[in-house]
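Thanks for coming, everyone. I'll talk about salt bridges today. Please bring the model up on your screens.

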Amino acid sequence: MVGKKGKKASQWIVFAVLVVISVLALAPFAFMVISSFKPGQELLRNGVNMEINLDAMSWKNYWTLFTENNGIYLHWFKNSLLITGMYTGFSLFLSSIVGYGLAKYDFKGKNLVFAIVLLVMMVPVEILILPLYKLMISMKLIDTYLGVVLPFMVSPFAVFFFRQSSVSIPKDFMEAARIDGCGEFRIFFSIMMPLLKPAFGAMMILQAMNSWNSLVWPLIVLRSTEKLTLPIGLASLITPYGNNYDMLFPGAVMSIIPIVIIFMLNQKAFIEGLTVGGVKG
Amino acid sequence: MNQVLFEIKKSKKHEVKRWLNSQKIVPYLFVAPFILSFLLFFLYPILSAFVMSFQEVLGFGEVNFVGLKNYKNLMNPHYYDALSVSFRYTFWTIFVLIPVPLLLATLLNSKNLIGRNFFRSSLFLPALTSVIVAGMFFRYAFAEQATSLANQILGWFGHEPLTWLQDAKTGMLAMVVLCVWRWMGVNIIYFLSGLQNIPAELYEAADIDGANVFHKFFNITVPSLKPVIIYVVTISIYGGFSMFAESFAYWSYRSPGNIGLTLVSYIYTTGFNNADFGFASAIGVTLLGIIMLVNLVQLMFFGFFKKESE
């Protein structure tokens, strides 16, 4: 029914809609960058807005950000890097080995373990925070990085993901290695891990992103100012009597940059990591 | 002599190693990290949350069993506020975050689209920010001054400036906007990957039958995406009811008139600020119950269980 002209027109409408939506998605980033050059007092007085007064804008805020309070922001940045690195490393290693075990071996209780993995995925961690907090107190892990990382180190989601990714790898690889006298651990480390490389890539990015941005649990575990992570440190700057408003937006901008760079370099892995959750179900 | 002992030790060590490496034992070693973490950081806390919900937890490790007192205490205005905020927030986020990304994914999937990758990436970028960082922008964009972004936009339509973050309705809008901005791209990706699994022949057959765009959308696209839609609704219910960060980003711990009090922020304030662990645990137990129940109803509504038994 629709002629060639009508088809062309509809293509342009689609294009226009997507342009508008993309502008809406990107505009807050632009505002954050612009606001990061404005004096904090103006933010407090006027909120974020469309005024641009080039004369009042300067790099001064970034200088303040890195020097204020003995460079506390750099501490937070370092803490976030450290916690994200620890969490991502441990969780990838442990979750992959569990997922692989569940996918590639037959043993008593296997289905039960897998059912538990699915069950744990279904329960929001927010319910566990109080008893976990008490547990951390008795383990003396309050205000430590280990306390932030340890309880969620074996992520059920990552286990599920690695199980799904391992299932499709043929068992022949394992059999061949066994005939060559390869031990079971060696099979995992030198044969399976390389084969699971794309899965590792996808999960690494997803876990790193979650850890970099996580709020609820670190907010409970971390106490001293110099141990905070970026989101919590930034949130702590917003106080009614604070005079740190200069730092807010430069701090926000600087915290987004690393993850955006990683995203730009590995878009495919990001998207893969997100979509394996159960979409095929 | 020593040499012999050494040899025996060595062979024993070897034997243990062989036993650990046998196909019978190895799988248990592989899943052990999960089992340990499950017992210590899931089963134990969740059981103690249940137990604590029947207790009055005093300082210094003292506890009293108080029966259902904590649950009776739930009948108070704050809990109703939290329940109402969580329900409304979940409803509105699902109301927006299913149809709109579904439509946008269909547009992104259309043939001969210029700049598809650019659109997809830019729509996904907000998901990379933490709620706190994104919230920082929205908090000051929704500031009450007439000069704030939200009020400037109202001004274009000749509307009086609003105190966005002081009022229940606009406060809810602010939280939903923050969530929608961050999460839109993720749901688009979910739907896009679902769309790519729909065989093109279905659409070709429909073209031959003279079906128009809307017929195709409602008769092919939506039914084919049903599993993805169910998945997204399930995680949205889960995320909606356990929301805390969005509210925290706008108001920290306490919001004016409880407009940002969610079930989880109620757990947080009762547990950590008032140190009433028993009562906070009771709230947590009801939260778990609500999420399970709502998801069960939703899955039944979509006929998720029927499909499996057929």
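**Salt bridges and burial**

Start with B:D207, which is partly exposed at 43% relative accessibility. Some terms: buried means under 20% relative accessible area, exposed means over 50%, and partly exposed lies in between, with a 1.4 Å probe and protein chains only. The side chain of B:D207 meets B:K216 in a salt bridge, 2.8 Å from N to O. By salt bridge I mean a side-chain nitrogen of Lys or Arg within 4 Å of a carboxyl oxygen of Asp or Glu. B:K216 has a relative accessible area of 18%, so this lysine counts as buried.

Some ground rules. This is a predicted model: local features need pLDDT of at least 70, side-chain atom pairs count only at pLDDT 80 or more, and totals for chains, interfaces and linings use all residues. Residues are numbered from 1 along each chain as its sequence is written, chains are lettered from A and ligands numbered from 1 in the order in which they are written, and side-chain values use heavy atoms, with hydrogens and water left out.

How many salt bridges are there over all chains? The count is 5.

Now chain A. A:D106 pairs with A:K110, with the closest N and O atoms 3.4 Å apart. A:D106 is exposed, at 63% relative accessibility. A:K110 is buried, at 17% relative accessible area.

Next, A:E184 and A:R178. Their closest N and O atoms are 2.7 Å apart, in a salt bridge. Buried or exposed? A:E184 is buried, and A:R178 is buried too.
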